[in-house]
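Q: Could you walk me through a few spots in this model? I'll ask as I go.
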Amino acid sequence: MPELPEIETVRRVIGPQVEGRTVVSVRAADNRILANTDPQGLSERLTGRTVVSVGRRGKALLLYDDLGGHIVIRFGMTGQLYICPPDTAEERHTHEVFLLDDGMELRYVDPRRFGHIWHFRRDEEDTSGIRGLGLEPDDPGLDAGYLKDRLGRRSITVKEGLLDQTVVAGIGNIWSDEMLFEAGICPLTPCRDLTDGQF
């Protein structure tokens, strides 16, 4: 699964290339990728919309449009996002193609189809799951007190606690292992057995 650093890298690469661009057309080839609409609905929602900004929440990429709506992309295990000229040969598992007003195409590719794409209008409730996420790793409120409050009485392992996206958003297997190794904490330690100094 991609973790926060990978999605942040996608945001930093894709963002400058799509911000300010208008969607000319949408070709959605796989209905299974679309979580809350169908190919025709996605085209109707996005054609003519301008991307005003690109953000990230946990492991999800967010594209905000000029009417206050937003796209949520969760990449699953194999989802990828490319921006390329239209004459570039399409990858075999290209499922969604957004033609932009500068002639470039934003393409979503996902061989295993584990990823999902949502679009929410300004007045629609976001049901993608991002509203239930915990703090971002760089949030000033993420400190020892927060972690102790959220995890200190739980019997789950400290690794499970770090992977709980409602506690901290964006941490995955690799990042949690590296953090625990650096801290000298066994991943199997129950959260309730951690000392104050370990939080």
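Q: Is Arg113 buried, exposed or partly exposed, and why?
A: Arg113 counts as partly exposed because its relative accessibility is 30%, where buried means under 20% relative accessible area, exposed over 50%, and partly exposed in between (1.4 Å probe, protein chains only). This is a predicted model, in which local features need pLDDT of at least 70 and side-chain atom pairs count only at pLDDT 80 or more, while totals for chains, interfaces and linings use all residues. Residues are numbered from 1 along each chain as its sequence is written, and side-chain values use heavy atoms, with hydrogens and water left out.

Q: Where does Arg113 lie, and what about its phi?
A: Arg113 lies in the loop between strand E7 (105-109) and strand E8 (116-120), strands being DSSP runs (E) of at least two residues and helices runs (H or I) of at least four, numbered from the N terminus. Arg113 has a positive phi of about 55°, although it is not a glycine. Most residues other than glycine have a negative phi.

Q: Which residues is Ile33 in contact with?
A: Beyond neighbours within four places in sequence, the contacts of Ile33 (heavy atoms within 4.5 Å) include Arg113, Tyr108 and His95. Ile33 sits in the loop between strand E1 (23-28) and helix H2 (39-46), and it counts as buried because its relative accessibility is 0%.

Q: Changing topic, what is Leu63 in contact with?
A: Leaving aside neighbours within four places in sequence, Leu63 is in contact with residues including Val18, Ile73 and Leu106.
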